[in-house]
Amino acid sequence: MTPNRHGTAVIEFPSALEIVTTREFDAPIELVFDVLTKPEHVRNWFAPFEDTMTVCSIDLRVGGKYHMVFVTDDGTECSFRGTYLEIERPTRIVYTWLFEGWPDAEAVETVDLHEIDGVTKVKMNLAFRDQAGRDHMTKFDGQEDSWDKMEDYLRSLLDPNGAVSGS
Amino acid sequence: MARASTTSDIFNAIAEAHRREIMDALMAGEKAVGALVNDLSMPQPQVSKHLRVLSEVGLVRCRAEGRHRMYSLEPVRLRPLQDWLAKYEQAMNDRLDRMDDYLQELQRQGELQ
């Protein structure tokens, strides 16, 4: 039994306009690619609950479009759509990304897959066109939070890989 | 061109690796520019430039001590970012964990057939 990888996504900000998320899966690259790109699979994991996914259409070819809609538990409809720019099965998918609530925030997401010894690493780079778009994504709602873990948090934020200290 | 809102400026400020190094160095306590130059082996104009950006968004505070200007961290200003990042990380992890569970389920089913 392989160890559970829950909660292991690594999120980084290589520039002011990019958000990079990296996650490993214990599955062969072909299967991971299918699960990312075939609607019959995407329906089973994209939304928090399967029955809340109301639209899941994917035309997987360069120039083809996708559209995904799910409804959150408070009834809000979340609609994402875009156009495929590059497809290199099973290692790379590039597509435009547009959340319908933010019409000026179009981004390009690049998904790179890489398998080593049965473990497939998926790296997703969401790159906004300009800061106005990125600002939607990082809009803070000012909710109060506990201060207790501030220092730990700050350290991990500044030095997620332990690489900065002592340099 | 209009300036971006203060909160997003914080995001912008920490997106730069050298600025994160400066903040990391300031976690140990208040420092003069010279000490930062020394600690980080970064040219002084560069350190000063980054300190100016960090000061503008309020992540770093500056006070005069004699002829020196002493810089210290103002981590309170990171709170909105902390809130956002915690939510974003949670949402991304939830989604990728669901994908992981589904992949494992598919493979279990494949083994059964």
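Which residue takes a positive phi in the hairpin of E4(A) and E5(A)? Gly75(A) does, with phi near 90°, and five residues lie between the strands. This is a predicted model, in which local features need pLDDT of at least 70, side-chain atom pairs count only at pLDDT 80 or more, and totals for chains, interfaces and linings use all residues. Residues are numbered from 1 along each chain as its sequence is written, and chains are lettered from A and ligands numbered from 1 in the order in which they are written.

Stay with chain A. E4(A) covers residues 65-71; strands are DSSP runs of at least two residues, helices (H or I) of at least four, numbered from the N terminus. Seven bridges join E4(A) to E5(A), residues 77-88, and the two run antiparallel. Strands pair if DSSP finds at least two bridges between them. Val71(A) has Glu77(A) as its bridge partner.

E4(A) also runs antiparallel to E3(A), residues 53-58, through five bridges. Here Ile58(A) is partnered by Tyr66(A). Six residues separate the strands of this hairpin, and Gly63(A) takes a positive phi near 90°.

In a regular strand, side chains alternate between the two faces of the sheet. In E4(A), Tyr66(A), Met68(A) and Phe70(A) point to one face and are buried (20 or more other C-beta atoms within 10 Å of their own, C-beta atoms being placed from the backbone).

Now turn to chain B. Helices H3(B), residues 33-40, and H4(B), residues 44-56, pack at about 115°, with axes 9 Å apart. Axes are lines fitted to C-alpha atoms over the stretch in contact, and angles run from 0 to 180 degrees between N-to-C directions. H3(B) contributes Val33(B), Leu36(B), Val37(B) and Leu40(B) to the contact, and H4(B) contributes Gln44(B), Val47(B), Ser48(B) and Leu51(B) (C-beta atoms, placed from the backbone, within 7 Å).

Methods
Contact = placed C-beta atoms within 7 Å. Buried ≥ 20, exposed ≤ 12 C-beta atoms within 10 Å, placed from the backbone.
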